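Take a walk through this model, one chain and one contact at a time. Keep the sequence at hand as you read.

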Amino acid sequence: MTRILLALIAGGLFGAGLFISGMTDTSKVQGWLDVFGNWDPTLAFVMGGAILPMAIAWVFTKGRTPVVGGDFPAPSDPKLGRNLVLGSVLFGVGWGLAGLCPGPAVASLSYGGWPHWVFFAAMLAGMAIAPMARAQLDSAVPAE
Amino acid sequence: MLNSIPTDWLFGLGGGLLIGLGGAVYLLGNGRIMGASGIIGGLVDGSGKGNMSERLAFLAGVFLVPVLLYPMFSEVNTHATTNIIVLIAAGLCVGVGTRLANGCTSGHGVCGISRLSLRGMVATVFYIMAGGLTVVLFRHILGVI
């Protein structure tokens, strides 16, 4: 029960932050990416603001265990790999096209109107076929 | 216009702090990395069967809090494109791409960079570069978005 409640609180804070920061406004996201147009630096402030408490939280995990028990995530894998690069490029293309990424896509569903639902549905479809795409890719060109 | 810019930055910074606070609660409370694409993707492809309710509770928070905040703000406009082809193509790219890369702006960007993860930093460089090139190509050259 504590786990569910904490997840709800974490999600609520995330949703509030996405709403207040303006990151559900696609013009701000595309404005950040548009270095040759009317460049909007807001996203850098959002990123900086978000990384600060997270960095403190990571330091705090040392020598401790999560509130609900269990273990903290394993240290980050130093291996990069093709899927990381290829996936990130593909994600970036979609992010640039619509100005939406998964978090803001959920946060904006209630007020963004039908375009947000179309994007969200297509994103879910993409996530559903992703394991197949990964298997195809790995069989065609095995990752090292 | 000039007067409104710093306000946007301030809201960006404040909202960013809340986003990071959410990630801190998820990490220190539940021992999990707050990655939106992983949380949603695990529900879609079945890889998150073991902790469905935790994922759903998180997403409920993300969805519901803006519902409560919306009436308090005037002029909320997301400026989303109404080009359905662009929306579908973008959604598919984001869905496949984030799952292939195992993370998006929240997982790789916020949670990865904050622990100096090389994967997080490399992913972030690539999706920002790809996003930038996409906007240049589709806005300034093709004029689609």
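What follows starts with one chain, moves to the contact between the chains, and ends with single residues.

This is a predicted model. Begin with chain A. It has 6 helices and 0 strands. Read along its sequence, the pattern is α-α-α-α-α-α. The C-alpha atoms of chain A fill a box of roughly 45 × 45 × 30 Å along the principal axes. Chain A has 144 residues, and 53% of them count as buried. Now take its contacts with a separation of 6 or more. Residues 24 or more positions apart account for 48% of these.

Next, the contact between the chains. Chain A gives 101 residues to it, and chain B gives 100 residues. On the side of chain A, the elements that give two or more residues are helices H1 (2–21), H2 (26–33), H3 (42–60), H4, H5 (102–107) and H6 (114–140). That side of chain A divides into 66 nonpolar, 29 polar and 6 charged residues.

One helix pair across this contact deserves a look. Two packed helices are described by the angle between their axes and the distance between the axes. The crossing of H4(A) and H6(B) is right-handed. In the contact of H4(A) with H6(B), the residues divide into 16 nonpolar, 6 polar and 1 charged.

Turn to the nonpolar core. The largest one has 85 residues. Ala10(A), Phe119(A) and Cys93(B) have the most contacts inside it. Look at Cys93(B) from its own side. Leaving out residues up to four places away in sequence, Cys93(B) touches Leu90(A), Phe91(A), Val93(A), Gly94(A), Leu97(A) and Gly126(A).

Val25(B) is found in helix H1 (residues 4–30) of chain B. Why does Val25(B) count as buried? Val25(B) is buried because 23 other C-beta atoms lie within 10 Å, and the cut-off is 20 or more. Val25(B) and Leu13(B) are 12 residues apart in sequence. In space, their C-alpha atoms are 18 Å apart.

Now find helix H2 of chain B, residues 36–44. How many of its 9 residues are buried? The count is 8, so H2(B) is mostly covered. The buried residues include Ala36(B), Ser37(B), Ile39(B), Ile40(B) and Val44(B). Both chains take part in the cover. It includes H5 and H6 of chain A, together with helices H3 (52–69), H4 (84–101) and H5 (105–113) of chain B. Just after H2(B), Gly46(B) takes a positive phi of about 85°.

Finish with the backbone of two loop residues. Most residues other than glycine have a negative phi. His79(B) has a phi near 50°, a positive value in a residue other than glycine. His79(B) lies in the loop between H3 and H4 of chain B. Asn102(B) is not a glycine either, yet its phi is positive, about 65°. Asn102(B) is found in the loop between H4 and H5 of chain B. Are these residues buried or partly exposed? His79(B) has 15 C-beta neighbours inside 10 Å, so it counts as partly exposed. Asn102(B) has 21 other C-beta atoms within 10 Å, so it is buried.

Key: Residues are numbered from 1 along each chain as its sequence is written. Chains are lettered from A and ligands numbered from 1 in the order in which they are written. This is a predicted model: local features need pLDDT of at least 70, side-chain atom pairs count only at pLDDT 80 or more; totals for chains, interfaces and linings use all residues. A crossing is left-handed if the near helix is turned anticlockwise from the far one by less than a right angle, and right-handed if clockwise. Helices (H or I, at least four residues) and strands (E, at least two) are DSSP runs, numbered from the N terminus. Ala, Val, Leu, Ile, Met, Phe, Trp, Tyr, Cys and Pro count as nonpolar, Asp, Glu, Lys and Arg as charged, and the others, Gly among them, as polar. Two residues are in contact if their C-beta atoms, placed from the backbone, lie within 7 Å. A residue is buried if 20 or more other C-beta atoms lie within 10 Å of its own, exposed if 12 or fewer, and partly exposed in between; C-beta atoms are placed from the backbone. A nonpolar core is a set of buried Ala, Val, Leu, Ile, Met, Phe, Trp, Tyr and Cys residues joined through C-beta atoms within 7 Å.
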